[in-house]
Each structure stands twice: as C-alpha cells, then as structure tokens.
Amino acid sequence: MPSDTVTTLADKTARATPLALARRVRALSDQAIAWLFITPTIVLLLAINIFPLLWTIYLSFTSYRANQPGRPIRWIGTRNYERLLGSEDIWGYMQVTASFVVWTMVIQVLIGLGLALLINRNFKGAGFWTTVILIPMMLSPAVVGTFWTYLYHPQIGIFSYIVNVFAAVGPLDMIGSVDLAMWSIIIVDTWMWTPYIMLLCLAGLRSIPPYLYEAAEIDRAGPLQQFWHITLPRVMPFLMLAVLFRGIENFKMFDMVVELTSGGPGSTTELASINLKREAFEKWRTGYSSAFAVILFVTVFGLANIYVKALNRVKQT
Amino acid sequence: MSRASTAAHSVGEATPAGKALAAALVIGYALITMVPLVWIVLTGFKSPPDSIAYPPKVVFEPTLEGYVNLFTTRSRQTEAYIESLGPPQTWYEELVRKRNMVITGPSRFAGRYMNSIIIGFGSTFLAVFLGTLAAYAFSRFKVPLKDDLLFFILSTRMMPPIAVAIPIYLMYRTLGLSDTALGMILLYTAVNVSLAVWLLKGFVDEIPREYEEAAVIDGYTRLQAFWKVVLPQMRAGIAATAIFCLIFAWNEYAFALLLTSGTAQTAPPFIPIIIGEGGLDWPAVAAGTTLFLLPIVVFTVVLRNQLLRGITFGAVRK
C-alpha cells in the first residue's frame, strides 16, 4: 500500500533526526491510530453488549431472583432450560410471535412492493407523497401504541366508526376481542413499517438498468413477462433484505404491542418479548427469564443466518 | 428523493392514464396513512368531553385544555373553595377552574421531555464520534480480524432489548447508573454505535484514498489528514448517521421503561401514564404525543434526502 510506505519512510527519517521523539508523538503509526480509533467502540460494546450477554448465559443456569439481591446465587444446571422447553405456554408465545412476524411480513411485502411499483412510475409530486408515506416509520412505537388504543376504542374510537361507515358491524372492539386482537397489532405494524419495505423495493427498482427493458421490448415481452423475468428477480435481493431486518425487529417486538394490548386478551397477543419482560421484571424470575432470553437470541441468530444463506443464493442467480 | 426524478426506469415510460392511476393510488394510501396522525393532533385541541363523544367529533370548538392539563397537576375542589380564591389570574387557571379544579403545580412532562433531549443528543453525539473514528480505521487500515470485528459489531443489534436489559439492570444497580442520564446515554450509544460504524464505513469507503495520500506527501500527519481532508468530506454521511441515532434514542422505550423511573425517565414511558383520573384525559395524552412526535415529523420532511440515503444505503450495504 503506497500510503503505508510513505508513512514508514517518514517514520525512518523522523527517527534519524534529533527531533525524533517530538515527531513520533505527532506522527503516530498507522497501526497505533487504527487501534486508538477502534478500541473505544470495542470497549463500549464489550461492556454494554457482550458482558451482559455472558452474564445472561451464566444467570440462565441459576435460580437467581433480582428482587432478592442478598440471596446467594444457586447453580441449578439446565433446569431452567428443561422447564422452558417443556412448557406449553412458551410454545404458545412462540406461535403468537411467529404468526405476528409472518402476517406482518406477507401483508407489508405485498403493499410495499405495490406502492414502490406505483411510485416508480414517476408521476408529478411522487417525491412529496413518498415523504408523507414515510412519516409513520419515524415515530416512537410505544407512543404509537398508546394513541392507537384511543383510535381503536370500541365506542369513541375513530377506527370502529370508520369501519361502521362501510359495514354496519356495531362497536368494533379490536383490542378486547380474542379474534381481532392479533389483527389490531398487525394493522398498526403495517401502518408503521410498510414504508420501509416500500423504500427498499424502490431502491431495487432504481438499480435496474433501463436497457434490460428495452431489450425485452425488442423481444416483444409483455408487461407481465417483463415483471416476472426482469423486475422481480432484480428487486428480490432488496426485498429479502427488507424482510430480514423487519423480521428480526418484529421477532423482538415489544414496545408498540405492550402499550397497545399488553399481550391480551388472555395471551392472544403475548409475544415472546412481552412474556420475557413479565417473567424478568414482574415475577422477578431472573434465572428462568435469562434462559428464555438465551433461547430467543439463539433463535433470532439461527433464523437470520439460515435466511442470509438463502439471500446469498438469490443474489448469485 | 434525490435521484427520484432522474432515474426512472418504468417500463417504456408509463402512459398518462397509467401515471394518473398510480398517482391516485399512492396519494390515497398517503392520505389514509395520515388519518391517525391528524386525528391525534386534533384530539390535542379538544376538550375532554369532546374527546370521548360518540360519534367522534370532526368539528369542535378548539381549546388548549389538553395542553394545560399536560403541563400541570390539578386537584378537584368544591365550588365554594374556588370562589373563595378570587378571580383567576391567568387564562390557563380560568380554563382549569371551569372543571372545578385548581392548579397545584407543574407536571413532570417538561422534565421528561428535557431528559429525552439530553439523552437523545448526548448519545447521538457520542455514537457518531466513536463511529466516525472506528469507521475510518476499518476503512483505511489493516485491522487484524477485520471482518470478524465488523460482524461482531453488527450482531450486537440482533439481541432483543429485554434480553440485554436483565443483566444491564443488575449491572447498573451495582454501579449506581440506574436512573441516571449518563447510564442511558452510554446504553443508547452502545446500541447506536454498531449502526453508526456500518453506515459511516460506507461513506468513508466512497472517499478516494488519494486525497489523504496527497496530504501526507505534503507533510500532513495521518491525524491531520483525517481531520482536515477526510472529515469535511464525511459531512453528509455524518449527518445521515446522526439522524438515525437521534431517532432511535428519541423513540426508545424498553430500556427507558426498565432502567429509569424518576430523574432520568424519558418521554416515551411517561406519555402512556399521562392519561389521568378515570382514564379520560385523552386530550392531554394527544397533546403530549403531538409535542413528542412533532420534532421527528419536521426532521423527516426537512432532512428526507439524508434519511432516504441512510435507509437504503445502510440496508443495502449490510
């Protein structure tokens, strides 16, 4: 690397002069600068991300309770894990989480891709309306959850009112009904995050070189064929990335849902993170919930890795 | 949208009718999207009875009662007592007394909002500062295990916040960082710095190395070249990264809920508990929501180009 030779040369000449020491302080070697620049970030991540993770793993083998700090920490081996994996409730929460993730992703991909295709037609004012559509995804999920409880209110809420304008179904209790509660959180998540999927699809659409379509026109390919053989394969990597990021986020979903339904009614919207918070900070079963946290983390990490492999295969073709 | 108008590759350029249809659908979606937000802003200017009226009132007499309730604590008094106080001194006292209440002091909302500002900007500054340094080093120097380190930095974002919150709760309790602004700033910095490194590394990669090499040959040290040549070129990237960090810290809820309760609590865990007696004070909640969301909406509109660049760029690079 030319820059390296220049600096080492400068170093050598610096060392040969009487002012060597003063020069050396000012002209730190590249390696020194590299470590100086990276170390603070690594230290911070070790202290606030990795150390806590290791601690969680350790606690998951104990029966520690954080609300009784004086009590000695008792090692109980894999009992927490056995109890968790044998518990039907946990599988229920995992299923709730999975159906939340799958439904939100399917709906948002359909709407998001559709919107991106429409915006890509470049009508006048497309930029402005795109910005308007983006606004919900910038908002605080917890605050969004709070104000949607008001919008969803069966008597005074505007959601039920608007639905009744189109179909007279009477007061619609989205949050309180066992059948509708899951849809209440899917709708809010879709409202917030469809723009994200749309944006990445748009980035994909704009990366397609126009000559591909020109060639297709010459070959007399119809619009549907063009979409199927040019547009979709080119957008696919972007779309899959968007789904990866949103999927991970929705798997971890906590804030919006806890304010909206707090897991209810019953446990129809009890997502894994919400139950984890209940176990850890309401029932104070720190050891048990640490094991739960580890299982969640391994699941996210494992699924994400499998998904990335699939994504790379799509990218290669 | 910076490149929107120049880089359209729609199939053989859509027909005018096709464009109009597309515009109608997109605008329709955008308007539907805006209904909940507009409704919340309107609710902030309703009186409490209007806010719980059925059918929902679109036309109403605007009042600042929600905002007054948001910033004050009040107590219910008998009419005789209120009359004994004499005429109200200010317009907001007059508003409150109409409901047989007297103002007993300021509410905690202003303080919570201030905490959000301090913690948001503090952590954004730190994350961008650390991220810039690390991104430059990763982009320019041979770092052993570079790819592993970068992956490690990214993977820290995959942990559910609640999972990390358990040990951090214990750690902060031991270190005395619970419910302090410093503790929250450090925590948000740690969460944001991974994103900052990834985004900024992309921006540094785009700056040609030749610039610095020329500066070094001219007698600059590496640090001087970084400071005077690279940093000014990174300005747009730093701005985009800072917006993301700020939005995250501003909106964060789970850690704030679990690790703060009093002095360092930010607005997101506080807004849901404004609701007040009988769970009826929706205008105050709506007012708090409006004030909290407003800066972000303004940000989104004003800085949309940087934001868009950050979103697509950050995602595509990873």
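**Entry 1: Asp50 of chain B**

Which residues is Asp50(B) in contact with, leaving aside its neighbours within four places in sequence? I found Lys57(B) and Phe60(B). Asp50(B) belongs to helix H2 of chain B. I used DSSP runs for the elements, with helices (H or I) of at least four residues and strands (E) of at least two, numbered from the N terminus. Asp50(B) counts as buried because it has 20 C-beta neighbours inside 10 Å. The scale I applied is buried for 20 or more other C-beta atoms within 10 Å of the residue's own, exposed for 12 or fewer, and partly exposed in between, with C-beta atoms placed from the backbone. I also looked up Ala267(B), 217 residues from Asp50(B) along the chain, and the two C-alpha atoms are separated by 26 Å.

**Entry 2: Basis of the model**

I note that this is a predicted model, in which local features need pLDDT of at least 70 and side-chain atom pairs count only at pLDDT 80 or more, while totals for chains, interfaces and linings use all residues. Residues are numbered from 1 along each chain as its sequence is written, and chains are lettered from A and ligands numbered from 1 in the order in which they are written.

For confidence I consulted pLDDT, the predictor's confidence in each residue, from 0 to 100. Chain A has a mean pLDDT of 86, with 91% of its residues at 70 or more. Within chain A, helix H5 (residues 88-119) has the highest confidence, at 94, and helix H1 (residues 2-16) the lowest, at a mean of 49. Over residues 1-7 of chain A, pLDDT stays under 50, and the model has 13 contacts beyond four places in sequence for them.

**Entry 3: Chain A overall**

I counted 14 helices and 0 strands in chain A. The radius of gyration of chain A is 27 Å, whereas a compact globule of 317 residues would have one near 20 Å. That radius is taken over C-alpha atoms, and the globule rule is 2.2 Å times the number of residues to the power 0.38. Along the principal axes, the C-alpha atoms of chain A fill a box of roughly 90 × 75 × 35 Å. Of the 317 residues, 42% count as buried. Among contacts in chain A with a separation of 6 or more, 69% join residues 24 or more positions apart.

I then inspected helix H7 (residues 141-151) of chain A, where 11 of 11 residues are buried. Among them are Pro141(A), Gly145(A), Phe147(A), Trp148(A) and Tyr150(A).

**Entry 4: Where the chains meet**

I found 89 residues of chain A in contact with 92 residues of chain B. On the chain A side, helix H3 (residues 30-59) supplies the largest share, 15 residues. That side divides into 62 nonpolar, 18 polar and 9 charged residues. Ala, Val, Leu, Ile, Met, Phe, Trp, Tyr, Cys and Pro count as nonpolar, Asp, Glu, Lys and Arg as charged, and the others, Gly among them, as polar.

The largest nonpolar core has 163 residues, of which Leu200(A), Cys201(A) and Ala137(B) touch the most other members. Helix H9 (residues 181-206) of chain B gives this core its largest share, 16 residues. Such a core is a set of buried Ala, Val, Leu, Ile, Met, Phe, Trp, Tyr and Cys residues joined through C-beta atoms within 7 Å. Beyond four places in sequence, Ala137(B) is in contact with Ile33(A), Ala34(A), Phe37(A), Ile38(A) and Val143(B).

**Entry 5: Domains of chain B**

I took the bounds from an automatic or database domain assignment, which gives domain 1 (48-107) and domain 2 (110-317) in chain B. Their centres, taken over C-alpha atoms, are 39 Å apart. In chain B, 10 residues of domain 1 are in contact with 10 residues of domain 2. On the domain 1 side, helix H2 (48-51) and helix H3 (65-71) of chain B each supply at least two residues, and H3(B) gives the largest share, 6 residues. The domain 1 side divides into 6 nonpolar, 3 polar and 1 charged.

**Entry 6: Positive phi**

I looked up two residues other than glycine with positive phi. Ser262(A) has a phi of about 40 degrees and lies in the loop between helix H12 (255-260) and helix H13 (272-281) of chain A. Ser262(A) is partly exposed, with 16 other C-beta atoms within 10 Å. Asn100(B) has a phi near 60 degrees and lies between helix H5 (91-97) and strand S2 (101-106) of chain B, in the loop. Asn100(B) counts as partly exposed because it has 14 C-beta neighbours inside 10 Å.

Conventions: Two residues are in contact if their C-beta atoms, placed from the backbone, lie within 7 Å.
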